[in-house]
Amino acid sequence: MRLLKVATCNLNQWAMEFESNMKNIKTSIAEAKAAGAVIRLGPELEVTGYGCEDHFLELDTVTHSWECLKELLVGDWTDGILCSIGMPVIKGAERYNCQVLCMNRRIIMIRPKMWLANDGNYRELRWFTAWKQREKLEEFQLPIEISEALDQKSVPFGYGYIQFIDTAVAAEVCEELFSPLPPHAELALNGVEVFMNASGSHHQLRKLDIRLNAFMGATHARGGVYMYSNQQGCDGSRLYYDGCACIVVNGDVVAQGSQFSLRDVEVITSQIDLDAVASLRGSISSFQEQASCKVKVSSVAVPCRLTQSFNLKMTLSSPKKIIYHSPQEEIAFGPACWMWDYLRRSGASGFLLPLSGGADSSSVAAIVGCMCQLVVKEIAKGDEQVKADASRIGNYANGQFPTDSKEFAKRIFYTVFMGSENSSEETKRRAKQLADEIGAWHLDVCIDGVVSAVLSLFQTVTGKRPRYKVDGGSNAENLGLQNIQARMRMVLAFMLASLLPWVHSKPGFYLVLGSSNVDEGLRGYLTKYDCSSADINPIGSISKMDLRLFLKWAATNLGYPSLAEIEAAPPTAELEPIRSDYSQLDEVDMGMTYEELSVYGRMRKIFRCGPVSMFKNLCYKWGTKLSPAEVAEKVKYFFKYYSINRHKMTVLTPSYHAESYSPEDNRFDLRQFLYNSKWPYQFKKIDEIVDGLNGDSVAFPEEEANSNREIGVVAANSEDPSAGL
């Protein structure tokens, strides 16, 4: 037997915060060594934090990375353990995303990333060059300060692996695993038994199984030990890196870390028999044949043993059942952990949320409540960092700390119901009830006086006073009156967030939370600079459909029963007067259902459909319910208002990234914001197709008919309450 103990980790790194990053790295190495591991893997770019973005272009960032690596190597941190450290390295004129492999106070080799992540949220080609010289390892001259400190002038640099006396180990960096020809396939044929994947992967709803299937698939048919490390937390941007460090042996998961956690460091270890890898490979004829004619990969020889012989005192790790969270749990825990990191690192003393009693703002309130519950649970487990942060943020004195989530919420969470003459007693009551269940400090504010003052000023300036449409006003008047209310709420929210701590003799300021969902952003169904404008938004990339499922789940699992009633209520902005024969409803205002919006969003972004291709696809998807002409009208209506309102995405509040069809304009969904909303060429093509289909019979599969029973038709208003404003 060749017994090998390995360790990988989740680290909560913070971009450009070298001191705390180094503290986490050292803690993870110390825990790995204490557990008896001889290999320690850390996340991609762990020294700097993955999300440095254009800071990677600064020479200081690379210099500080070498300084940190030097600190590790001149100490005893790498004694007796192979450490893979992620950091940027400049070689010649190029900057590379590298894993620096160190052991016994020496750098063994530097492995640059060969296939860079450059889609979705990733822009690695903006900052790094992909390594293309696969044929051989090159010599890299170490910086003078490092060379003198280590008494080592150069180190092998490039694509290769480390050959120890008893096994071979190699790095595979994040995106490389998902490339069409991943390096681990070739490395396995060269005898590599242990693969180390350092990653910077962010959370996205329903994504984890794809990642874990890739790890298992990497070793299922060719054998091997696959180690995966990831960041975990908010490192300064919209992304939440969702950890889930794991170790896979011959296609079976033998260790799995948490996906969502408040901990800064989580180390997992496994005891493995490498003979199991050799045995599997020896039993696969095709593997043997391909290995006999492999393309040789360069290696670095290290005269050192990593494994131990048969020893009954060492217990082998067994396959474990993989832990997956439901989408509702992901919505609860992911944004809650992201918000905690943002809160503790921003210097703020808490959150303020305009709570309307509707589904969206109530979802945000529930997530804050979940965050408070996680904080109290982590403190009870003995996490001193969480205790210190919570005590500071909650302004506890004399060594006290949170022990009850509702009491903690009372200290850090304000909710404000900003009612008007158009608000109902039901939403007012629901907001108060939910705030009480969470423990928030709740305020009930009437904004009619502020709105009236603004209207009086307008009347003084223009000599006219606008009226609602139900009272005989025009569409322009109706829209203007709604927007005044919405924008006054934003102004009031920021004023309260900055001054309420002062009123209650508390230090600092509060962060304003937004609560618009991804579908409303896509459609533009929001007032520019209203309560959707905030400091951060935990649900801005989550669909209305998923939020409603979350509310049902949270009513029971988070202990906030009022959420069930909130979920059952029809969505309404409550910006127009309520009459016996009229009540404002979101889906009627938008001219489409939230379910339809999710379909449009996925087709536009995930399947990259323009108007014509979306129309064609929806003719199949909705053909059993709607005629081609009706589908055409729906598609044209969506693209019209999507393009009219696209400019709103340029000022969208920074939102937690959770959904693959997010319209977030900053870096995920890059498109212009000035369109010809008539789409003359594309809509003409759709009309031509519809005309050609008139009189033709179209057959649709039975399964398509069954899958589309929920598609409804909502009458489109002639005017959008938020169009262009």
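Let me start with Met649, which is buried, with a relative accessible area of 3%, where buried means under 20% relative accessible area, exposed over 50%, and partly exposed in between, with a 1.4 Å probe and protein chains only. This is a predicted model, in which local features need pLDDT of at least 70 and side-chain atom pairs count only at pLDDT 80 or more, while totals for chains, interfaces and linings use all residues. Residues are numbered from 1 along each chain as its sequence is written, and side-chain values use heavy atoms, with hydrogens and water left out.

Met649 sits in the loop between helix H22 (628-644) and helix H23 (680-693); helices (H or I, at least four residues) and strands (E, at least two) are DSSP runs, numbered from the N terminus. Not counting residues up to four places away in sequence, Met649 touches Gly521, Pro663 and Asp665, contact meaning heavy atoms within 4.5 Å. Between Met649 and Arg263 there are 386 residues of separation in sequence and 33 Å in space, taken C-alpha to C-alpha.

Now to the interior. A nonpolar core is a set of buried Ala, Val, Leu, Ile, Met, Phe, Trp, Tyr and Cys residues joined through side-chain atoms within 4.5 Å. Which members of the largest nonpolar core touch the most other members? Of its 62 residues, they are Trp66, Leu69, Ile107 and Ile110, and the largest share of this core, six residues, comes from helix H2 (residues 59-74). A second, separate core of 61 residues includes Val364, Ile367, Cys370 and Phe413. Returning to Ile110, and leaving aside its neighbours within four places in sequence, its contacts include Trp66, Cys98, Phe140, Val155 and Phe157.

Helix H10 (residues 359-380) has 22 residues and reaches 31 Å from its first C-alpha to its last, close to the 32 Å expected at 1.5 Å a residue, the expected span being 1.5 Å times one less than the number of residues. H10 is mostly covered, with 20 of its 22 residues buried, and it is followed by Gly382, whose phi is positive, near 100°. Helix H14 (residues 448-462) has 15 residues and reaches 21 Å between its end C-alphas, close to the 21 Å expected, and just after H14 we find Gly463 with a positive phi of about 80°.

Most residues other than glycine have a negative phi, and most peptide bonds are trans. Arg206, although not a glycine, has a positive phi of about 65°; Arg206 is found in the loop between strand S10 (194-199) and helix H6 (208-220), and at 41% relative accessibility it counts as partly exposed. Ser505 also has a positive phi, near 55°, and its place is in the loop between helix H15 (475-503) and strand S20 (510-512), where Ser505 is exposed, with a relative accessible area of 66%.

Next, the salt bridges. A salt bridge here is a side-chain nitrogen of Lys or Arg within 4 Å of a carboxyl oxygen of Asp or Glu, and by this rule the count comes to 32. In one of them, Asp264 pairs with Arg344, the closest N and O atoms being 2.8 Å apart. This pair links distant parts of the chain, with Asp264 in the loop between strand S14 (252-256) and strand S15 (265-273) and Arg344 in helix H9, 80 residues apart. Is Asp264 buried or exposed? Asp264 is buried, because its relative accessible area is 14%, and Arg344, at 11%, counts as buried too. Both belong to a network of salt bridges that also takes in Asp341, Asp389 and Arg392.

Arg40 bridges to Glu46, again with closest N and O atoms 2.8 Å apart, and both of these residues are buried. Lys387 and Glu384 form a salt bridge with closest N and O atoms 3.7 Å apart; they both lie in helix H11 (residues 384-393), three residues apart, about one turn of the helix. Lys387 is partly exposed, with a relative accessible area of 21%, whereas Glu384, at 52%, counts as exposed.

Phe310 lies in the loop between strand S16 (299-301) and helix H9 (327-346), and Phe310 is exposed, with a relative accessible area of 56%.
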